[in-house]
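Colleague: Please take me through this structure, one topic at a time.

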Amino acid sequence: SCADIVGIKHRHNLVRDTFLDICYRSGISAGKKVDIGLVDGNDRSLRLADLLLYSWDMGRDVYVNLTRSSPLTRSGMADFVVGQVVVDAAKRKYAKYRDLCAAKGYGFLPFSFSSFGELEADDVTLLKRIRGFLWLRRLGHELLLIFLLGLALLLLKKWEPRLFHGC
């Protein structure tokens with residue numbers, strides 16, 4: 001397991017914490033290292049959710065598993081294909097966790113990234129959806145500011161002292 005290697009674990013946690021910070025700034029409710037009670041076929045507890053996105057998928061909480069992979073750790077480099085390592089990692093995680101999460105009423109999203117900065121296609125879709133939340137939040141703040149400025153102008157105009165009577 002790569003969890004014993006400090007550098008890899010550190011990068012994984014950095015991505016997780018950055019992801020959580022982006023969710024917070026976007027107004028998305030999320031938690032890190034959340035135990036949803038997953039167990040494998042041998043009644044062994046599985047790892048905690050790296051992130052749990054609350055009410056993310058039509059009101060359903062979604063377990064997000066972050067996986068960092070390196071294309072250089074594969075034994076055979078003859079069949080090397082750019083981006084394949086992240087696709088393979090996402091497929092493995094999806095096969096392992098999807099049904100277990102569904103049985104508990106949770107959704108599952110693997111977030112697979114490589115040491116080369118590659119992302120799986122579903123990761124890009126997830127990030128675009130989060131970007132939409134961030135954009136809407138910013139737009140909401142701008143609209144609120146415009147509303148408050150308009151209200152202030154109306155109040156100032158209403159309470160403005162009249163210099164000329166009859167105008």
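Modeller: I shall begin with a term: two residues are in contact when heavy atoms lie within 4.5 Å. Leaving aside neighbours within four places in sequence, leucine 53 is in contact with Cys23, Ile28, Ser29, Ala30, Arg60, Asp61, Val62, Val64 and Leu126.

Colleague: What sort of model is this, and how are residues numbered?

Modeller: It is a predicted model, in which local features need pLDDT of at least 70 and side-chain atom pairs count only at pLDDT 80 or more, while totals for chains, interfaces and linings use all residues. Residues are numbered from 1 along each chain as its sequence is written, and side-chain values use heavy atoms, with hydrogens and water left out.

Colleague: How many helices and strands does the protein chain have?

Modeller: The protein chain has 3 helices and 4 strands. These are DSSP runs numbered from the N terminus: helices are H or I with at least four residues, and strands are E with at least two. Along the sequence, their pattern is α-β-β-β-α-β-α.

Colleague: And what share of the contacts comes from residues 24 or more positions apart?

Modeller: Such residues account for 55% of the contacts in the protein chain with a separation of 6 or more.

Colleague: What percentage of the residues is buried?

Modeller: Of the 167 residues in the protein chain, 30% are buried. Buried means under 20% relative accessible area, exposed means over 50%, and partly exposed is in between (1.4 Å probe, protein chains only).

Colleague: Back to leucine 53. Which residues of the largest nonpolar core touch the most other members?

Modeller: Leu53 is one of them, together with Phe19, Trp56, Val64, Phe111, Leu126 and Ile130, out of 13 residues in that core. A nonpolar core is a set of buried Ala, Val, Leu, Ile, Met, Phe, Trp, Tyr and Cys residues joined through side-chain atoms within 4.5 Å. Helix H1 (6–26), S2, S3, S4 and H3 each give two or more residues to this core.

Colleague: Which residues does the second core include?

Modeller: The second core is separate and has 11 residues, including Ile36, Tyr63, Tyr97 and Cys101.

Colleague: Next topic, the rings. How many aromatic pairs does a search of the whole structure find?

Modeller: The search finds 6 aromatic pairs. Rings of Phe, Tyr and Trp (its six-membered ring) pair if their centres lie within 6.5 Å; planes under 30 degrees apart count as stacked, over 60 as edge-to-face, and the rest as tilted.

Colleague: What about tyrosine 94 and phenylalanine 108?

Modeller: They form a tilted aromatic pair, with 6.2 Å from centre to centre and 45° between the planes. Tyrosine 94 lies in helix H2 (residues 84–103) and phenylalanine 108 in strand S4, so this pair ties together parts that are 14 residues apart in sequence. Tyrosine 94 is partly exposed, at 37% relative accessibility, whereas phenylalanine 108 has a relative accessible area of 8% and is buried. Tyr63, Tyr94, Tyr97 and Phe108 form one aromatic cluster.

Colleague: On to the backbone. What is phi at lysine 33?

Modeller: Lysine 33 has a positive phi of about 55° although it is not a glycine. This residue is in strand S1 (residues 30–34) and is exposed, with 52% relative accessibility. Serine 55, in strand S2, also has a positive phi, near 50°, and is a residue other than glycine.

Colleague: Where does leucine 48 lie, and what does it touch?

Modeller: Leucine 48 lies in the loop between S1 and S2. Not counting residues up to four places away in sequence, leucine 48 touches Lys33, Val34, Asp35 and Tyr63. Its C-alpha atom is separated by 8.2 Å from that of glycine 37, 11 residues apart along the chain. At 35% relative accessibility, leucine 48 is partly exposed.

Colleague: Last one: is serine 69 buried or exposed?

Modeller: Serine 69, which lies in strand S3, is buried at 9% relative accessibility. The C-alpha atoms of serine 69 and valine 85 are separated by 6.7 Å, and the two residues are 16 residues apart along the chain.
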